[in-house]
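Subject: Handover of a structure

Dear colleague,

I am handing over the structure shown here. Please find the findings set out after it.

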Amino acid sequence: MNNSDSNLIKLGHSEAIAVTMIFLGSKAFLGYPRMMAQMGATAGWIIILLSSIFSIAFWLIISSLLERFPGKSILEINEVVLGKYLGFGLNIIALLYIIFSSSLLLRLFSEAVILTALPHVPISALNFLFLIPMFVAAYLGLEAISRSAYISLPFIMAGTFAVLVFLYPFWDITELYPVLGAGAWPLLKYGFLNTSAFGEVLILAILAPFFSFGPERLRYAGITSIVIVAVSLILITVVYLMVIPMPGATENLVPFYQLSRTIYLGRYYQRLESVFILFWTFTAFLRLAIGYITAALITREIFKIPYYRPLLPALAVIILSLALTPEDVMKTVELEKQLRLFYGWIITFFLPSSVGAAAYLLKKGDRRGKKA
Amino acid sequence: MADVNDNGQKTDSFLTQMKNAVIKIITFQKPAATEGFILYGIDDTPQDHEVTGDTGKEKKRGKKKPLRVKRTVPGETQEKDVREQSKKEYNREGLHDYRKLLVDPGLKTNKRCIEEIYSLPKNKDIIIRDLIISAEQPREAFAVFVEGISNRDTVNEDVLKPLMLMAKFEKNVDIMDMADYIRKHVIYSNQVDIHDKYEDIIDKINYGSTAVFIDGSPRCLVIETKGWDRRSIGKPETEQVIRGPHEAFNETLRSNTGLLRKAIRNPNLITEIMKIGERNKTDVAVMYLEDLASPRLVEEVKRRIESISTDYAGETGVLEQFIEDHPFRPVPQVMVTERPDRAASFIMDGKVAILMDGNPNVLIVPTTLFTLLHSPEDYYLRMPYGNVVRFLRVVSSFLAVMTPGVYVAITTFHQEMIPTDLILAVSAARETVPFPTIIEVFLMEFAFEMIREAGVRIPGVIGNTLGIVGALILGQAAVQAGIVSPILIIVVAITGLASFAIPNYSMSFAFRGVRFIFTALAAVFGFFGISAGLFILLTSITSMKSFGVPILSPIGPRTKTGPDVVLRGPVWSMEERPDFLDTLERRRQPDISRGWVKPLLNEDKQGGNGDE
């Protein structure tokens, strides 16, 4: 971004992948496996497989657009390709999307904490409690958040896979039949609509100027993140469907919590869900902080403000009030589903890809960038 | 109401006295003007020459003014003066007026100067020894040195004796060359300098040298005669090892630099000496390898040290606070060691060591969190053992931070985690305890901290008392009285042990402090609170830098490094120095550093016993 401090902050390849993976993968700890079960029944995992393939295709288009404008963020590219006003409009949509999705996630994570750990805490208090670490992290900067993401990612992954492995006694492969679950057409349909699950890979395009490497490696960073997250989500969904069979699988508000609750390795090692609260709340903090600071950075970029820190309190108020707007959990879940399925992919994949197509048709940008 | 007594004096009646007393109590009385003790006694209003700004004239030889600063007369104006003075900006222009003076040819003038500067004869440490140099034309002279920091024998044998007995000059030496002639022919001390500025002379005298002023000569001989009582090189107090050298730095800068130079026999080892403190001028040495350490790092270290303007910074702990990047964060950003072998190994890595006179602790910059968790012994032990102790240390640093918090979280919020038998035991133990867990934990943790602090301060003679108080009263009696539960004693003990397993003193302070925050968070929000605390701690650590190096390098950010971060590989596999130090030479050793392990070239040779 135009600012001088973008020259100072340079994130490495590993940090970029870690940030993207946390940004994409945190939904595994919310209702994502349940949604898959609802859409694809026993074949919920196939939806993830399909949507990851679709998203990689979309990402290839977007990253080729980034290659045309090396060192520029997708926001700047929007303005260059579509002109000042149209680009501005598009950027505002992206900003609103990230603010909406962050506040919905804030609400959902808070509800999940209430459901699982602290049943007597009012939602407003929990929202606020989530906001404080978010604010501190965002204030300390992208560098701190991305490094924290990189450091904590192995632990989060290890914790997640430990839950899956500990459930081994409950695995029942027959619960995955029929293989095609709800049928081929719904799988394909939801597989496409659900690409927005990976749409957040766009964060790489937004943060492009902050990376120490070029668009070529950015493409691989995106693909790597999508593949690893897709594999993890597939594993979680498969285990979820195997352990908690189909009709019941659609009824858990926080499937991962239910999974960790089910662990029973003899009389001594049981009910370990509290330990895993540590893992997924930590992921939640990271995910929310990344969303928060990205929103601030986008705002700075759109309105050409020199610093992002003064924007943080205002954004915090916006995110907090949006998070508290839905009446109850079910409303929030419904809203999230709508945002994801019907608007998410348009904003995260379709619009940037169209910009890519426009850039190609209008012959804007540096075509040699591809070869260099 | 007034009565008249026998002596004819008026006395108030009892009622009037009572009334006055009551009025006196309930109303404001102007306090009696008393002469209090206030340390601001010095009037540092600008001296005449400062006002005129005519400092050039001062350099003229022979122009000497009374050098004593004027003291204010204690009195009513003092209070106002103090306030005005405290408002004044920090200005040390007039602090050392003698700095501008030059040595005078007249011996009497020089003597008066020295007497002024050192407030003689009030100051009893300064010795002025009059003597006559036994030249063909005997010349009057005097020697100045400070009793206690100059070596008596050296002054006698190497300065006075040659000057008074052996200075039989063969020819008539010109007075202007006298000092130089004496330096070359008469005095056989190993360091003799000639100065003509009082500034240099006084600094040297203050550091143990002897100055000799000669009548008629505008130059002064300064002979190195340092020698004071000092601690000999002893064993490390805080960084003890079983394998490895048992030397520690002591309080003398020169023997410390010597220890390092003894360890690193390399002409590229540079020792730069700087002075900090306007009033004291403590020597600070910066040591690094010129062909290895990043020049920008060295520049930054020197820049930070040179920029400090203060009256007195006499300890590396104070210096550390002056030069560190984040004064308000818990994690230290400067490594402190008292072991020459350790400091040497850091210098060989391309880091910079900062030594200070009068200090057995050496600062190493930059540092990372992982080096703070290392101990020198990790490297001296064989790789598997070294890794075992390191692993132990990593676990104990987590335990030191988390144990009380996790205990509080589990017993307060997540009881379902505890297996039934255990929770029965816990609740049975807690049955008689009247306090909630959090109060219990805070009580005992606070008591533990008190024992630790008292243990440091307690005089050795009565040290046994501490063990009795700590172990018997706080441990056993508190449990028997039903104030705390026995399980909690175990928790506190584990936390304490774990915090002492952290090798760095500052780091273990940091962890012990942070654990109170984690305990409080756990008491309010359970594991969610711990998670929030961990998140804030991690992000705040990842945003920290120590002299430009992120403190969590080489993991956050990820950079290239040898196999030596949390665990370490074998010594022959550490081919490269850490990338984050940006050293001039990256490679430490070739890929195959064990020359005797030769790769097999032909398959023919493969038979045998594998020794080829």
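Predicted model: local features only at pLDDT ≥ 70, side-chain atom pairs only at ≥ 80, totals over all residues.

Residues are numbered from 1 along each chain as its sequence is written, and chains are lettered from A and ligands numbered from 1 in the order in which they are written.

Contact between the chains

In chain A, 30 residues are in contact with 25 residues of chain B (contact: C-beta atoms, placed from the backbone, within 7 Å). Helices H2 (13-25), H7 (123-140), H8 (142-166) and H14 (273-303) of chain A each give two or more residues to the side that touches chain B; helices are DSSP runs of H or I with at least four residues, strands are runs of E with at least two, and both are numbered from the N terminus. H8(A) gives the most, with eight residues. By class, this side of chain A has 18 nonpolar, seven polar and five charged residues (nonpolar: Ala, Val, Leu, Ile, Met, Phe, Trp, Tyr, Cys and Pro; charged: Asp, Glu, Lys and Arg; polar: the others, Gly among them).

A helix pair in chain A

Helices H5 (residues 74-82) and H6 (residues 84-116) of chain A pack at an angle of about 145°, with their axes 6 Å apart. Axes are lines fitted to C-alpha atoms, for helices over the stretch in contact, and angles run from 0 to 180 degrees between N-to-C directions. A:Leu75, A:Asn78, A:Glu79 and A:Leu82 in H5(A) meet residues of H6(A) including A:Leu86, A:Phe88 and A:Leu90. The contact has five nonpolar, three polar and two charged residues.

Strands in chain B

Chain B has 19 helices and 14 strands, and buried residues make up 32% of its 612 residues (buried: 20 or more other C-beta atoms within 10 Å of the residue's own, with C-beta atoms placed from the backbone; exposed: 12 or fewer; partly exposed: in between). Strand S7 (residues 220-223) of chain B is covered on both faces: B:Cys220 and B:Val222 are buried on one side, and B:Leu221 and B:Ile223 on the other.

S7(B) pairs antiparallel with strand S5 (residues 192-195) of chain B over four bridges; strands pair if DSSP finds at least two bridges between them. B:Val192 stands opposite B:Ile223. Four bridges also join S7(B) to strand S6 (residues 210-214) of chain B, again antiparallel, and B:Phe213 has B:Cys220 as its bridge partner. S6(B) and S7(B) form a hairpin with five residues between them, and B:Gly216 in the turn has a positive phi of about 90°.

Yours sincerely

Note on methods: Contact = placed C-beta atoms within 7 Å.
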